[in-house]
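Hi everyone, thanks for coming. Let me put the structure up on the screen, and then I'll talk you through it.

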Amino acid sequence: MALSRAIILALLAATFFTAISMAEDFIVGDEMGWTVGFDYQSWSANKVFRVGDRLIFKYGAGEHNVFVVTGTDFRNCSVPAASQGLTTGEDVIVLETPGRQWYLCGVGDHCQNGQKLFVNVLPSETEAPSLSPLSSVLPITATPSSAPAPAPWSPPSSSLLAKYRWLPGR
């Protein structure tokens, strides 16, 4: 019983770490990067974003920035306080939760000119199953088995050996 629990836990751990290692990096805008005059909605339309994936915003530092915003701020191009912006020129955002997520550039009229991105994040492809369903299969406390214990091993009787007398190699 302990061995089967260990095997199941090892499989769960392997599934969890495989899901993490399968995360994908997306350079926003591909070779164009994060800039004005690029259609980010078309860029994202054929991509599947999952929890654990990373968005990488590449741009010249000081030329642009990245803000994580609400759907309403996205539609209205409302820029949050400057202190909330990402400004390194190679900003990495890990997609940590499923659902809709919105990003925009807060420099001048860049957002109004299309420098904004909406993505719909799906759960990771191989979510590690929760342990709660296993509790019905593997009880937390050991209970005595109703199956009879196996009989101890004993050598075959001499009459059985006489009946089937053969030795390998003869």
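This is a predicted model: local features need pLDDT of at least 70, side-chain atom pairs count only at pLDDT 80 or more; totals for chains, interfaces and linings use all residues.

**Strands, then cysteines**

Now let's zoom out. How many helices and strands does the chain have? The count is 5 helices and 7 strands. Going along the sequence, the order reads α-β-α-β-β-β-α-β-β-β-α-α.

The chain has 170 residues, and 26% of them count as buried. Take the contacts between residues at least 6 apart in sequence: 73% of those join residues at least 24 apart. The accessible surface of the chain is about 11,400 Å², with 60% of that belonging to carbon and sulfur atoms.

On to the cysteines. There is 1 disulfide in the structure. Which residues does the disulfide join? It's Cys77 and Cys111, with an S to S distance of 2.1 Å. This link ties together distant parts of the chain, 34 residues apart. Cys77 is in the loop between α3 (71-76) and β5 (90-94), while Cys111 is in the loop between β6 (99-104) and β7 (116-122). Turn to the S-S bond itself and you'll find -75 degrees about it, so to speak of handedness, the link of Cys77 and Cys111 is left-handed.

Are these two cysteines buried or exposed? Cys77 is buried, because its relative accessible area is 11%, and the cut-off for buried is under 20%. Cys111 counts as buried as well, at 2% relative accessibility.

That leaves Cys105 to talk about. Cys105 is in no disulfide. The nearest cysteine sulfur belongs to Cys111, 8.1 Å away, and a disulfide needs the two sulfur atoms within 2.5 Å, which is why Cys105 is left out. Cys105 is buried too, with a relative accessible area of 1%.

That's my tour, so over to you for questions.

Technical notes: Residues are numbered from 1 along each chain as its sequence is written. Side-chain values use heavy atoms; hydrogens and water are left out. Helices (H or I, at least four residues) and strands (E, at least two) are DSSP runs, numbered from the N terminus. Buried means under 20% relative accessible area, exposed over 50%, partly exposed in between (1.4 Å probe, protein chains only). Contact means heavy atoms within 4.5 Å. Accessible areas come from the Shrake-Rupley method with a 1.4 Å probe; for residues, only the protein chains shown count as cover.
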